[in-house]
Amino acid sequence: MMMLRVRSRDGLERVSVDGSDTTVSQLKTLIQDQLQIPIQNQTLSTDRNLLLAKSPEESLSFTDMTDPNLPISSLSLSHGSILYLAYEGERTIRGGPAVTPAGTFGRKMTVDDLIARQMRVSRQEKSHCDSVSFDRDCANAFQHYVNESLAFAVKRGGFMYGSVSEGGEVEVNFVYEPPQQGMEDNLILMRDAEEEKRVDAIALGLGMRRVGFIFSQTVTQDKKEYTLSNVEVLLAAQLHAESDLKEWVTAVVKLEMNEDGGADVHFEAFQMSDMCVRLFREGWFVTEIGPEDDPKLSKLKKEVVVGVKDLKQVDNDFFLVVVKILDHQGPLTCTFPIENRNVETTMRALKTHMDRARSLPFVKRISDFHLLLFVARFLDVGSDVPALAECVRLQSNVPEGYELLIDSMANTC
């Protein structure tokens with residue numbers, strides 16, 4: 001009587017055989033009887049690389065023990081020798097639970113486990129966006145409001161619209177601020193689908209599209225040790241995932257202390273990493289965040305691999321890819337009252353605006369996104385809105401009907 005050690009995906013087990021004259025066929029029968037693995041499912045070899053085979057077909061390339069009449073003595077197998085076994089199907093180990101053939105070396109793995117092994121979170125070195133350039137007027141209008149009117153006490157956000165070059169340079173020419181509720185630690189967008197249709201119709205006529213999201217951080221966040229909080233990462237990932245634009249940009253406006261003890265308004269721009277967007281789309285993020293949670297860490301429902309560790313909490317900085325910021329003077333003005341702020345825009349605001357620019361050609365007087373959005377409420381969103389915006393883009397004569405409508409609106413107050 002002799003003993004052979006059999007290593008499979010379930011670990012190392014022992015099989016008793018009568019002697020060295022036992023054939024491969026007899027050995028397989030003993031394995032079936034002692035280890036409960038059917039003969040037809042077995043592949044045996046003296047080569048340990050058998051256990052690294054990625055498919056049953058690849059296992060068949062190990063042929064040193066395929067002859068059923070071959071005595072094991074001819075393979076230099078003796079008492080205590082190790083041979084390797086690959087098999088298909090399920091088995092029950094005596095004294096243990098049922099084993100599913102999904103793992104290696106004894107670990108039972110589920111599909112979720114296999115997916116998690118592929119989720120490796122690391123810093124993405126290169127963004128899809130080479131740079132982002134802000135129109136000076138629209139950037140100043142946004143930062144002036146959060147600085148002077150809101151005093152960086154509550155958050156404020158807006159969708160950025162512009163264009164993307166073939167080289168991946170994003171140009172932002174206007175910011176649409178949707179209905180929202182800003183708080184010290186959170187920003188709730190109360191999006192208006194009909195208003196967003198009008199915004200997109202204007203953008204279409206201007207030859208632009210939605211290219212990103214901008215938001216402000218509050219003054220209390222300057223004391224926190226993070227770039228974006230977990231709440232901000234969730235919002236940024238959600239909006240990035242909603243877009244089909246790989247160059248989508250997330251911009252942040254914050255107040256930072258300078259060397260003189262004063263405060264400066266500071267712009268930063270990022271892309272959420274490809275892995276961050278993927279994790280959001282596939283529902284990995286824990287979206288319920290409590291006051292006890294560390295804001296610089298994002299919580300996940302399952303473990304991911306960060307470096308060499310399996311973690312359920314990831315430093316938010318791993319999800320950020322820095323984007324270079326530039327500025328330019330765009331084709332639009334930004335002097336008309338901006339939508340969804342504390343003061344409702346009225347027809348009197350339209351009259352004031354039109355009177356102030358009376359010396360300019362009519363198309364110049366209406367070359368302001370926020371004015372176009374106000375007027376768009378009284379136009380057909382499918383035809384009139386993009387047509388009027390196209391006049392602005394081309395700086396061409398505005399059809400008399402539109403001009404009369406806008407003038408009559410301005411003169412109603």
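Q: Why is F378 called partly exposed?
A: Buried means under 20% relative accessible area, exposed means over 50%, and partly exposed lies in between (1.4 Å probe, protein chains only). F378 has a relative accessible area of 43%, so F378 is partly exposed. This is a predicted model, in which local features need pLDDT of at least 70 and side-chain atom pairs count only at pLDDT 80 or more, while totals for chains, interfaces and linings use all residues. Residues are numbered from 1 along each chain as its sequence is written, and side-chain values use heavy atoms, with hydrogens and water left out.

Q: Why does F374 count as buried?
A: The relative accessibility of F374 is 6%, which is under 20%, so F374 counts as buried.

Q: What makes the pair of F374 and F378 edge-to-face?
A: Rings of Phe, Tyr and Trp (its six-membered ring) pair if their centres lie within 6.5 Å; planes under 30 degrees apart count as stacked, over 60 as edge-to-face and the rest as tilted. The centres of the F374 and F378 rings are 6.2 Å apart and their planes stand at 70 degrees, so the pair is edge-to-face.

Q: How many aromatic pairs does this rule give?
A: The count comes to nine aromatic pairs.

Q: How do you know that F159 and F213 form an edge-to-face pair?
A: Centre to centre the distance is 5.3 Å, and the angle between the planes is 65 degrees.

Q: Which residues of helix α11 are buried, and what covers them?
A: In α11 (residues 384–394), V385, P386, L388, A389, C391 and V392 are buried. Their cover includes α5 (193–206), α9 (362–365), α10 (369–376) and α12 (400–410). After α11 comes Q395, with a positive phi near 55 degrees.

Q: Why is Q36 called partly exposed?
A: Its relative accessibility is 28%, between the limits of 20% and 50%, so Q36 counts as partly exposed. Q36 lies in the loop between α1 (24–35) and β3 (42–45). Phi of Q36 is positive, near 60 degrees, in a residue other than glycine.

Q: Is S76 buried or exposed, and why?
A: At 61% relative accessibility S76 is over the 50% limit, so S76 counts as exposed. S76 sits in the loop between α2 (56–59) and β4 (82–87). S76 is not a glycine, yet its phi is positive, about 60 degrees.

Q: How does the radius of gyration of the protein chain compare with that of a compact globule?
A: The radius is taken over C-alpha atoms, and the globule rule is 2.2 Å times the number of residues to the power 0.38. A compact globule of 413 residues would have a value near 22 Å, but the protein chain has 33 Å. The C-alpha trace spans about 110 × 50 × 35 Å along its principal axes.

Q: How many helices and strands does the protein chain have?
A: The protein chain has 12 helices and 18 strands. Of its 413 residues, 46% count as buried.

Technical notes:
Helix = DSSP H or I, 4+ residues; strand = E, 2+ residues; numbered from the N terminus. Contact = heavy atoms within 4.5 Å.
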